[in-house]
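Thanks for coming. I have one structure to go through, so let me put it on the screen and start talking.

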2 protein chains.
Amino acid sequence: MLAAARTAFADRGYDGASIRGIATAAGVDPALVHHYFGTKDALFVAAVQAPVDPDDFLPEVLAAPPEERGTAVVRMVLHVWDGPGRPAVLALVRSAVNHEWSARLLREFVLAKIVRRVVGSVEMPREEREARGALVASQVAGLVMMRYVLRLEPLASASPDEVAAAVGPTVQRYLTGDVALPGRRD
Amino acid sequence: MLAAARTAFADRGYDGASIRGIATAAGVDPALVHHYFGTKDALFVAAVQAPVDPDDFLPEVLAAPPEERGTAVVRMVLHVWDGPGRPAVLALVRSAVNHEWSARLLREFVLAKIVRRVVGSVEMPREEREARGALVASQVAGLVMMRYVLRLEPLASASPDEVAAAVGPTVQRYLTGDVALPGRRD
């Protein structure tokens with residue numbers, strides 16, 4: 001079931017995948033999938049093998065005043081990575097960098113479970129959401145790479161407060177500031 | 001010789017490694033290393049298996065007016081990644097994410113050959129260089145991750161001009177702007 005779920009979420013995205021379709025691919029009854037995992041959302045978290053559920057952290061970020069949302073995002077990411085789940089999150093990132101299907105799955109997870117909800121919580125024209133979300137993700141992913149993977153100083157050992165003070169304004173600008181937004185090229 | 005060079009650069013950094021030490025570790029005469037590779041710098045590029053030599057691109061970045069240096073950095077990175085060397089650069093990043101020694105080697109390469117030279121070309125107090133360089137690296141690395149590894153839209157397909165217009169100001173702020181700089185924690 002998990003293998004079928006991974007394929008479905010990676011190929012069709014979170015919105016496109018269905019419990020019915022995953023059950024069919026796994027050769028089981030949809031009721032069985034519901035029985036084991038409950039919701040599609042819970043199945044998604046299990047399929048990605050996410051060591052933490054963004055639902056546990058995101059409400060705090062979304063409750064921050066709009067003008068502090070950028071710093072709140074950085075604080076949340078540092079909280080997760082500085083916590084006991086770090087080895088598992090790092091394994092997830094390694095897998096995504098090594099395997100195309102894993103990259104698609106992680107991208108879909110980060111988009112559906114985190115980025116779209118952060119961006120959706122800020123007032124902005126609908127057509128700006130995708131670009132602002134991608135820019136936020138670019139700064140956050142790079143911070144993670146430098147602090148936790150390449151361990152570049154002073155980012156590797158600086159306190160979460162200092163990192164949030166330095167990088168938060170960038171995330172804030174991408175969320176609510178004046179940015180020349182890129183568009184898809186077809 | 002290359003294996004000994006990789007170990008030396010990863011363990012001791014670019015400045016700390018010497019051709020003499022590398023030759024001793026490889027059990028050869030230093031003159032032989034010079035004969036094959038010329039300078040320590042060329043040996044470094046060979047050891048990292050860098051598909052491109054930053055020396056080929058950096059002068060153009062450093063020649064940009066100080067207030068456009070941020071955009072110039074982004075343009076250079078996109079130029080390298082959008083060029084024929086992409087598979088080789090991607091292999092380098094994958095290796096760094098997978099192996100601790102490879103991460104140290106890539107970190108040292110990016111620092112010594114790119115970051116320190118970009119940061120050193122901008123007028124700033126000496127004690128700010130490390131932090132500003134790390135922040136620049138964080139945004140650039142994240143952009144690369146999103147555009148080329150996770151392929152997140154619209155960053156994946158946007159034109160280099162659009163990406164540079166959106167992300168360049170962030171790099172510029174890290175280089176010359178008003179930033180609460182983080183420090184190493186001992």
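Between chain B and chain A the number of salt bridges is zero. Bear in mind that this is a predicted model. What the two chains do have is 19 residue pairs in polar contact, with both residues of a pair at pLDDT 80 or more.

Which parts of chain B supply the side that touches chain A? Helix 7 (86–98), helix 8 (100–120), helix 9 (129–149) and helix 10 (160–176) of chain B each give at least two residues to it. Helix 9 of chain B has the largest share, with 13 residues. Sorted by class, that side of chain B consists of 28 nonpolar, eight polar and nine charged residues.

Now the extent of the interface. In contact terms, 45 residues of chain B meet 45 residues of chain A. The area buried between the two chains is about 4200 Å², and carbon and sulfur atoms give 63% of that area. On the chain B side, the residues that lose the most area to chain A are Val97(B), Leu150(B) and Pro154(B), together 15% of what that side buries.

How many helices and strands does chain A have? The count is ten helices and zero strands, so by definition every element in its pattern along the sequence is an α.

As for overall form, a compact globule of 186 residues would have a radius of gyration near 16 Å, and chain A, at 17 Å, agrees with that. Along the principal axes, the C-alpha atoms of chain A fill a box of roughly 50 × 35 × 35 Å. Of the 186 residues in chain A, 50% count as buried. Take the contacts in chain A between residues at least 6 apart in sequence: 68% of them join residues at least 24 apart.

One residue of chain A to finish on, Asp41(A), which sits in helix 4 (residues 40–48).

Leaving out residues up to four places away in sequence, Asp41(A) touches Tyr14(A), Asp55(A) and Lys113(A). With Lys113(A), the side chain of Asp41(A) makes a polar contact of 2.7 Å.

Definitions and conventions:
Residues are numbered from 1 along each chain as its sequence is written. Chains are lettered from A and ligands numbered from 1 in the order in which they are written. This is a predicted model: local features need pLDDT of at least 70, side-chain atom pairs count only at pLDDT 80 or more; totals for chains, interfaces and linings use all residues. Side-chain values use heavy atoms; hydrogens and water are left out. Contact means heavy atoms within 4.5 Å. Buried area is the accessible area (1.4 Å probe) that two parts lose on being put together, summed over both. A salt bridge is a side-chain nitrogen of Lys or Arg within 4 Å of a carboxyl oxygen of Asp or Glu. A polar contact is a pair of N or O atoms within 3.5 Å; within protein, one must be able to donate a hydrogen and the other to accept it, and residues adjacent in sequence count only if both atoms are side-chain atoms. Helices (H or I, at least four residues) and strands (E, at least two) are DSSP runs, numbered from the N terminus. Ala, Val, Leu, Ile, Met, Phe, Trp, Tyr, Cys and Pro count as nonpolar, Asp, Glu, Lys and Arg as charged, and the others, Gly among them, as polar. The radius of gyration is taken over C-alpha atoms; the globule rule is 2.2 Å times the number of residues to the power 0.38. Buried means under 20% relative accessible area, exposed over 50%, partly exposed in between (1.4 Å probe, protein chains only).
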